[in-house]
Amino acid sequence: MPPPRHLIALVRERDDQLRKESPSLAADFRIRRLLRGAEHPASKSKNSRWAMFCVAFAMLITLIVAVPNDWLRPLGLTARDAGDFATGSSRPADCTIRSLRDGDAFIGPCTLQLGTAAVRTDAQAEVRRTATDLEVVRGRAWFDVAPVAPGAAPVRVHVGGGVIEVVGTRFMIEQGPSEGSVHLLEGKIRFWANERDSIEIRPGQRLRWSNVDSTPAAAPAKAKGPAPSAVGPTAGDAGAVAPDLNATTAARTKSAPVAHLPRSDGGTPALAIEAESSAREPARETAMTDQSVVDETVERVMTLRASGRYREALTRLEMLQERELDPRAAEAVSFEEGNILEHVEEPATVCGHWKGHVQRFPAGRYRAIVDAKIVRLACP
Amino acid sequence: MSSTEVATSEKADGAACRDQPRDTAANLSWLYDRYRQDVFHLALRYGRGNTAWAEDVTQDVFVQLLRAPKVLAAEESLSGWFYRVTTNRCFNKLRHEALRRSLPVRWLLGAPHESARTPETDAMARDELSHAFEAVSALPTKERLAFFMHHVDGKDQIEIAQILGHSKGYISKLLKRAHERLTRAGWKVDHASS
């Protein structure tokens, strides 16, 4: 058995050997550099503060752009909700969106999908959206409202003279600084001048009104409509656009039957309904022939067609055909309509459309394609 | 750092502090130059001669110095601060590694078995000095630290208790256990030589 060894002396000796060792040059350099990094602690702290500020700013922008309005409203913020715009349609560059405390304002020429309502506005228009309702503040706006499910709340559009209640239809609203009108193209709408008085408008009819706050003698009571929860500013305070309603109305009312809705206070009637024969004219007068509008509509129609919503696409095209279109745009619309009809109508109807197309546009861009279609369908 | 060296170092601290630069960066550099070797030596000892391990500890200690600006201005014993911080850092690192080497943790992490042997320890174990050093290094962490601090650095049990944050009685028990283990391993723990 070996003798016991003196451990502590050996350990001390070995420890002295270790004392002579030094950190490697790489470690020494690394630690020295680390300590030099503390040379300007203030500037480092300043840099980190800048970085934190930049990160916070980027996060705020992301929040405003990406988060839906409903999430931000409680915080007093609103965001542009890209999902509101109709799928496949592009927002014209001149369309301005302004966030309001209780909703959004769309100013200028816009093509929008606001809930179940597809809305197109002209350059002078301002349309507002609140949590529940829509409002035409000024200018012209064309509405195409999808049918509301039974039991669901109707779409309400506030105008200067009251509230229009819609359950699925197409119409055009024209709102001036002192009066306005709605021209019903299809379906049925009900106009509420106040909480008690309403009037139903039939297709082809046009209802005119005087703004509530611009004609106090005619309408002393502010119109609230059936659900006055979301009444916004009225057209009287917008006042930048003045469609020549008086002139056109004066000319037409000579020949058109006019119905008046008496106001609840028995004062001067502020509402007047014109018959179809005269009401169609202003729509043509105010037709927009802007190629960009046609392009947007066709683009939207193609999107609807791609998703199998042929009837809606046809409705859109019909709306477009009611305007004065230049021949090139009219041919594109007719061609598109024929393509959609092939999906929903009998071959005879489609043949009739294509033959009519050839007659209207004998030297059109789509002539060769249409001829091939006629052959394929074996049209008589 | 032996007991005499510690005493000498602490005596020198007063004089050295007078030469200590006031500028932060220069001060850190001065402190590094002055205490680097002591810190590295302690780390190397507790790291069983593993150089990389000791370098990591050295870096950690000086990083901790950056976060303790009061130490820079203190007129107290800097060597005492470095000794305490380095020992504690080694203790925490060893305890952490022991935990990671434990079977349940290795099983949870799916880590392969890690041997405590390194090329350095293998090279060291060739002579009697290294055998002795390895015998002490094989003690449980707390016993090892207490043993080195008491028998190599000359700290009394009260000092060791303060540095490791334990009672004097517990340190006494650790030293007794260490002696028993080493004696069982065939070593003579000669108190007379310490």
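1. Let's start with the salt bridges between chain A and chain B: there are four of them. The term stands for a side-chain nitrogen of Lys or Arg within 4 Å of a carboxyl oxygen of Asp or Glu. One to look up is A:Asp28 with B:Arg36, where the closest N and O atoms are 2.9 Å apart.

2. A quick word on what you're looking at: this is a predicted model, where local features need pLDDT of at least 70 and side-chain atom pairs count only at pLDDT 80 or more, while totals for chains, interfaces and linings use all residues. Residues are numbered from 1 along each chain as its sequence is written, chains are lettered from A and ligands numbered from 1 in the order in which they are written, and side-chain values use heavy atoms, with hydrogens and water left out.

3. Back to the chains. B:Asp33 and A:Arg32 form a salt bridge at 2.5 Å, N to O. This pair crosses between chains, running from helix α2 (residues 24–46) of chain B to helix α2 of chain A; helices here are DSSP runs (H or I, at least four residues), as are strands (E, at least two), numbered from the N terminus. B:Asp33 is partly exposed at 42% relative accessibility, and A:Arg32 is partly exposed as well, at 24%. (Buried is under 20% relative accessible area, exposed over 50%, partly exposed in between, with a 1.4 Å probe and protein chains only.)

4. Also worth a look is a network of salt bridges linking A:Asp15, A:Arg19, B:Arg45 and B:Asp153.

5. How many residues does each chain bring to the contact? Chain A gives 29 and chain B gives 44, contact being heavy atoms within 4.5 Å. Together the two chains bury about 3500 Å², 62% of it on carbon and sulfur atoms; that area is the accessible area (1.4 Å probe) lost by two parts on being put together, summed over both.

6. Over all chains, the structure holds 22 salt bridges. Inside chain A, A:Glu174 pairs with A:Arg140 at 2.6 Å between the closest N and O atoms. A:Glu174 sits in strand β10 (residues 169–175) and A:Arg140 in strand β7 (residues 134–145), so the pair ties together parts 34 residues apart in sequence. Both A:Glu174 and A:Arg140 are buried.

7. Another one within chain A joins A:Lys373 and A:Glu342 (3.4 Å, N to O). It links helix α11 (residues 367–377) to helix α9 (residues 327–344), with the two residues 31 apart. A:Lys373 is buried at 12% relative accessible area, whereas A:Glu342 is partly exposed at 27%.
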